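Here are my notes on the model you sent over. I've kept them to the domain layout, the contact between the domains, and a few strand pairs and charged pairs.

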Amino acid sequence: MPLPPRIVVAGAGFAGLRAVDAVAGAAARGQCHLTLISDLDRFVYRPGLPGLALGRLRTADITRDLKRFRAVRAARLHVAPVTGIDPESHTVTAGGRHIPYDVLIVATGVVPDRSAVPGLQQYGHGVWDIPEALALRERLAQGARRVVVAADHTSPCVFGTYELAMMLARGAPRVTLVTTEYGPGGLIGPHARRALETLAARLGVEVHPGRRVAEVGRRGVLLDDGTAVDADLAVVSPPPAVPALAAGLGQGAARTGLVLTRASLASVRWSGLFAAGAAAAAPPPVTAHVAEQMGLLAGRNALVAAGIRRGELQDLEPSIASLLHFGRWYGLLHYLRPAGGYGPPRFRGGIGGWPLGALKDLFRRAYLAVRF
Ligand SMILES: Cc1cc2nc3c(=O)[nH]c(=O)nc-3n(C[C@H](O)[C@H](O)[C@H](O)COP(=O)(O)OP(=O)(O)OC[C@H]3O[C@@H](n4cnc5c(N)ncnc54)[C@H](O)[C@@H]3O)c2cc1C
């Protein structure tokens, strides 16, 4: 009797957990062996990181032990960073072990390239992960009079930095927001932009649109147009770095290191390989909501590729909604619909208003408490 196919999911973020969820039923029925490889033993709800940095939330409020997810219990959990993928021999290396797969879903996200902005590592702060958010929290506790917050729209932190800027401006410091947004490839549309600008004006936030930070120094930052912005604290979201895992994928990875996929999220180059979430070089911007849709689709398509589910591979047709929290009484609901599914955004909408900020907190609680 042939052995059940081996499905391996690398990364336990929004995309990876959804992929596990899609495959868990088949694993529980013994139709496949499911392995989840994660460098952390817990899920980090990244949209909660600004709240952690601002002291509104605790680490426990934005993390959940992976074993507490029902779907993860159907998988073999291997806690170790994936350090290599050999797509020819269908093997993943993690924690010194070589794990064979029939189908692999790469959902390891991206990491910020902290070396992309000179001076950032020495003088600046970030909000990408828990250590960064806690370091920022400690720094904020020492007090800051002028804060510059810089958002790069190619970074998965971009929404977090908007939230941080607006929430900080509700307190004592004067805040300057530098954003590469509002240019080609920008994430937010005209409606959401207007709502953001209205709030920035109301809170006295000075905005430098279409600019990026070229250098961070002890007393502020230098923008790419030569403008110097004084600040005693700089929080900068740098562009993403090339993930090291891409090296083994050869022409199956883009120059950015992201996995090149078809609309089905199957690799353009390698059999039995899928990518989901920020790790995939997908045209629509990857938010948490999109990463989940990708994870679910990659999981379902993995079942098809493994011969467990009948039918054809399906294509991604994401809709993108995100909720930004700007304080208890204000938030922004942002919606994007890509044209023809896997293409550039067609419709962009956004509304701002008082109940939305509170809604985001409710959503976080529900996500961590009851979802799969
Ligand atoms: C501060 C901040 C605020 C944000 N706010 C919002 C928001 O309000 N709304 C919104 O929609 N989006 C928001 N985002 C973006 C959202 O978090 C990302 O789009 C989403 O996390 C992408 O999901 P993912 O599963 O692709 O990656 P991730 O969630 O990053 O998951 C990747 C997982 O893989 C693991 N991993 C990485 N490398 C390895 C490896 N080598 N081996 C094993 N495991 C590995 C990571 O630890 C992680 O668990 C925010 C992001 C940040 C940083």
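How many residues sit between β13 and β14 in their hairpin?

1. The β13–β14 hairpin. Bear in mind throughout that this is a predicted model. The answer to the opening question is two: β13 and β14 make a hairpin with two residues between them. The two strands run antiparallel and are joined by four bridges. If you want a spot to look at, find V216, which stands opposite V221 in β14.

2. R211 pairs with D224 in a salt bridge, and their closest N and O atoms are 2.7 Å apart. R211 belongs to the loop between β12 (206-209) and β13 (213-217), while D224 belongs to the loop between β14 (220-223) and β15 (228-230). That puts the partners 13 residues apart in the chain. Over the whole structure, the search turns up 11 salt bridges.

3. Another hairpin, β6–β7. Here strand β6 (residues 82-86) runs antiparallel to strand β7 (residues 91-94), again with four bridges joining them. This hairpin has four residues between its strands. One of the turn residues, H90, has a positive phi of about 55°. D86 stands opposite T91 in β7.

4. Domain layout. The chain splits into domain 1 (6-111 + 241-305) and domain 2 (114-239). Note that domain 1 is written as two segments, 6-111 and 241-305. The C-alpha centres of the two domains lie 29 Å apart. Their contact draws 20 residues from domain 1 and 18 residues from domain 2.

5. What the domain interface is made of. About 1,500 Å² is buried between domain 1 and domain 2, and carbon and sulfur atoms give 74% of that area. How many salt bridges cross between the domains? The count is zero.

6. The domain 1 side, up close. Two elements give two or more residues to the side of domain 1 that touches domain 2: β3 (42-44) and α2 (49-53). The largest share comes from α2, with four residues. By residue class, this side of domain 1 has 13 nonpolar, four polar and three charged residues.

Methods
Residues are numbered from 1 along each chain as its sequence is written. This is a predicted model: local features need pLDDT of at least 70, side-chain atom pairs count only at pLDDT 80 or more; totals for chains, interfaces and linings use all residues. Side-chain values use heavy atoms; hydrogens and water are left out. Domain bounds come from an automatic or database domain assignment. Contact means heavy atoms within 4.5 Å. Buried area is the accessible area (1.4 Å probe) that two parts lose on being put together, summed over both. A salt bridge is a side-chain nitrogen of Lys or Arg within 4 Å of a carboxyl oxygen of Asp or Glu. Ala, Val, Leu, Ile, Met, Phe, Trp, Tyr, Cys and Pro count as nonpolar, Asp, Glu, Lys and Arg as charged, and the others, Gly among them, as polar. Two strands pair if DSSP finds at least two bridges between them.
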